[in-house]
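Subject: Structure handover

Hello,

Please find the structure below, with notes on what was found in it.

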Amino acid sequence: MSDFRSGFASFVGRPNAGKSTLTNALVGTKVAITSDKPQTTRTVVRGIVHRPDAQLVLVDTPGLHRPRTLLGERLNDLVRTTWAEVDVVAVCFPSDEKIGPGDRFIVGELTKVRRTTKVAVATKTDLASPERIGQHLLDIAALGEETGTEWAEIVPVSAVAHDQVDLLADLLVGLLPEGPPLYPDGELTDAPEELLVADLIREAALDGVRDELPHSIAVVVEEMGLRPDRPEDKPLLDVHANLYVERDSQKGIVIGRKGARLKQVGTQARKSIEAMLGTPVYLDLHVKIAKDWQRDPRQLRKLGF
């Protein structure tokens with residue numbers, strides 16, 4: 001039997017570079033939430049890839065950005081700590097966009113983390129022409145030279161078309177140290193279920209909402225448990241959650257006309273939660289206002305940051 005490898009890899013990149021979609025494609029199930037709004041990921045979600053020869057634990061960090069609020073600063077600190085602790089950092093550069101200041105900023109920050117192996121991933125190749133991808137790979141190599149970053153690999157992938165995803169998994173596994181599995185077989189994430197449920201509700205709330213809202217939504221699952229008086233073959237999971245926004249006007253947007261929007265959010269979130277946990281769910285959602293929570297340390301703590 002060949003030697004087993006296990007370790008941690010972290011996908012980084014500016015917001016919306018395709019990190020969560022890639023995590024989900026590698027794990028083969030929906031673990032990290034994906035959204036077309038930047039700043040969707042706030043907690044470090046680990047997806048676990050189980051293979052006969054290895055266990056690859058994916059650590060999904062928030063997108064690194066120039067912080068404007070206390071929340072932003074805390075998220076950035078979280079990113080840097082994570083980078084220093086993992087075995088491999090994979091930087092995602094979307095193929096349908098040119099390399100910009102945001103990418104330079106991230107790679108510049110990453111050069112401060114000396115010991116960690118660095119891989120470059122050209123994501124979203126399904127959205128770019130072969131010529132564009134070729135140029136993109138050259139630009140990534142040039143950025144490495146410019147910043148003194150040594151790329152162990154530069155790999156083009158499309159998580160959506162599942163193109164080269166397995167190759168990327170092989171490469172990442174090859175860069176891990178030898179060692180026993182870190183998690184029990186069959187576990188796909190070590191994030192507590194309440195966190196995953198809160199994330200799915202947030203994802204549903206962000207879906208199709210206007211741009212002024214994304215940063216201002218936080219979800220806290222207040223209570224979650226199986227309803228006691230149900231027969232074993234007909235379980236029902238009760239989930240009571242609060243959706244927090246910063247202002248009255250935002251509350252109106254989330255609830256919608258005659259509550260239609262909130263109802264839609266509830267239906268969508270409930271389906272996602274049921275699919276993930278495999279249990280029928282009763283979801284009770286309330287919208288509350290936590291004034292300017294992104295700038296208030298006490299509120300941030302209360303909302304889990």
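How many salt bridges does the count come to? The count comes to ten salt bridges. Please keep in mind that this is a predicted model.

Arg14 and Asp103

The side chains of Arg14 and Asp103 form a salt bridge, with 2.8 Å from N to O. Arg14 sits in the loop between β1 (5-12) and α1 (19-27), while Asp103 belongs to helix α3 (residues 101-110), so the pair ties together parts that are 89 residues apart in sequence. Are these two residues buried or exposed? Both Arg14 and Asp103 are buried. The pair also has a further partner: Arg14, Glu97 and Asp103 are linked in a network of salt bridges.

Arg104 and Glu146

Helix α3 also holds Arg104, whose side chain meets that of Glu146 in a salt bridge at 3.1 Å, N to O.

Arg227 and Asp238

Another salt bridge joins the side chains of Arg227 and Asp238, at 2.8 Å from N to O. Which parts does this pair tie together? Arg227 is in the loop between β7 (218-226) and β8 (237-245), and Asp238 is in strand β8, so the parts tied together are eleven residues apart in sequence. Arg227 counts as partly exposed because its relative accessibility is 29%. Asp238 has a relative accessibility of 13%, under the 20% limit, so Asp238 counts as buried.

Helices α7 and α8

The last item is a contact between two helices. The axes of helix α7 (residues 248-255) and helix α8 (residues 260-277) come within 5 Å and cross at roughly 60 degrees. Which residues make the contact? From α7 they are Ile253, Val254 and Ile255, and from α8 they are Ala260, Arg261 and Leu262. Sorted by class, the contact of α7 with α8 has five nonpolar residues, one charged residue and no polar ones.

Regards

Note on methods: Residues are numbered from 1 along each chain as its sequence is written. This is a predicted model: local features need pLDDT of at least 70, side-chain atom pairs count only at pLDDT 80 or more; totals for chains, interfaces and linings use all residues. Side-chain values use heavy atoms; hydrogens and water are left out. A salt bridge is a side-chain nitrogen of Lys or Arg within 4 Å of a carboxyl oxygen of Asp or Glu. Helices (H or I, at least four residues) and strands (E, at least two) are DSSP runs, numbered from the N terminus. Buried means under 20% relative accessible area, exposed over 50%, partly exposed in between (1.4 Å probe, protein chains only). Axes are lines fitted to C-alpha atoms, for helices over the stretch in contact, and angles run from 0 to 180 degrees between N-to-C directions. Contact means heavy atoms within 4.5 Å. Ala, Val, Leu, Ile, Met, Phe, Trp, Tyr, Cys and Pro count as nonpolar, Asp, Glu, Lys and Arg as charged, and the others, Gly among them, as polar.
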